[in-house]
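Please brief me on this structure.

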Amino acid sequence: RSCWRLRSNALRLASVSALATVLQMTSDLLRRIGAALYGERWRSSLAHDLGVPQRTIQRWAAGDARPPPTLRRDLARLVAARQELLGKLYRELASG
């Protein structure tokens, strides 16, 4: 029974680790999202919106530091807000 519990815990940890790897923010994805939201000079604007120093964004984008697990959620919120704004503008343009 003890052996089964250890094996079960090991499998659970392996699953969590695999999920974290899949969900981990890559520097490439961060750069693409930043450029899509803010254009070529995206680092300072993204840093401002996330409330972090620009140097932190630079380290994440270069792959020199691992972003926090909450970054995906925060970026998803920024993308959703931009999408909503653009949708409203599109509807305004299309209805005119």
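**Briefing: helices, salt bridges and a surface patch**

Asp28 and Arg32 both sit in helix H2, 4 residues apart, about one turn of the helix. Helices (H or I, at least four residues) and strands (E, at least two) are DSSP runs, numbered from the N terminus. This is a predicted model: local features need pLDDT of at least 70, side-chain atom pairs count only at pLDDT 80 or more, and totals for chains, interfaces and linings use all residues. Residues are numbered from 1 along each chain as its sequence is written, and side-chain values use heavy atoms, with hydrogens and water left out.

**Salt bridges**

- Side chains of opposite charge can pair when their charged atoms come close.
- A salt bridge here is a side-chain nitrogen of Lys or Arg within 4 Å of a carboxyl oxygen of Asp or Glu.
- By this rule the count comes to 3 salt bridges.
- Asp28 and Arg32 form a salt bridge through their side chains, at 3.0 Å from N to O.
- Arg73 pairs with Asp74 in another salt bridge, and the closest N and O atoms are 3.1 Å apart.
- Glu84 and Lys88 also meet in a salt bridge, at 3.5 Å from N to O.
- Glu84 and Lys88 are separated by about one helical turn, because they are 4 residues apart in helix H5.

**How exposed the partners are**

- Buried means under 20% relative accessible area, exposed means over 50%, and partly exposed is in between (1.4 Å probe, protein chains only).
- Asp28 is partly exposed, with a relative accessible area of 37%.
- Arg73 counts as partly exposed at 41% relative accessibility.
- Asp74 is partly exposed too, at 22%.
- Glu84 is partly exposed at 48% relative accessibility, and Lys88 is partly exposed at 47%.

**Helix H2**

- Helix H2 covers residues 27–38, and its 12 residues should span 16 Å at 1.5 Å a residue.
- The expected span is 1.5 Å times one less than the number of residues in the helix.
- The end C-alpha atoms of H2 are 16 Å apart, which agrees.
- Leu30, Ile33, Gly34 and Leu37 are buried in H2.
- Seen down the axis of H2, its buried residues fall within an arc of 100°, so they line one face of the helix.
- The arc is that of the directions from the helix axis to the C-beta atoms.
- Arg32 and Ala36 are exposed, on the face of H2 turned away from its buried side.
- The buried residues of H2 pack against helix H3 (42–50), helix H4 (54–62) and H5.
- Contact means heavy atoms within 4.5 Å.
- Gly39 follows H2, and its phi is positive, near 90°.

**Helix H4**

- Thr56, Ile57, Trp60 and Ala61 are the buried residues of H4.
- They cover an arc of only 130° around the axis, which puts them on the same side of H4.
- The buried residues of H4 pack against H2, H3 and H5.
- Gly63 follows H4, with a positive phi near 80°.
- The C-alpha atoms of Gly63 and Asp28 are separated by 8.9 Å, although these residues are 35 residues apart along the chain.

**Surface patch**

- Leu85, Leu86 and Leu89 make a nonpolar surface patch of about 280 Å².
- Leu86 belongs to helix H5 (residues 71–95).
- Patches are made of residues with over 30% relative accessible area and no salt bridge: like charges are joined within 9 Å, and nonpolar side chains (Val, Leu, Ile, Met, Phe, Trp, Tyr) within 5 Å.
- Accessible areas come from the Shrake-Rupley method with a 1.4 Å probe, and for residues only the protein chains shown count as cover.
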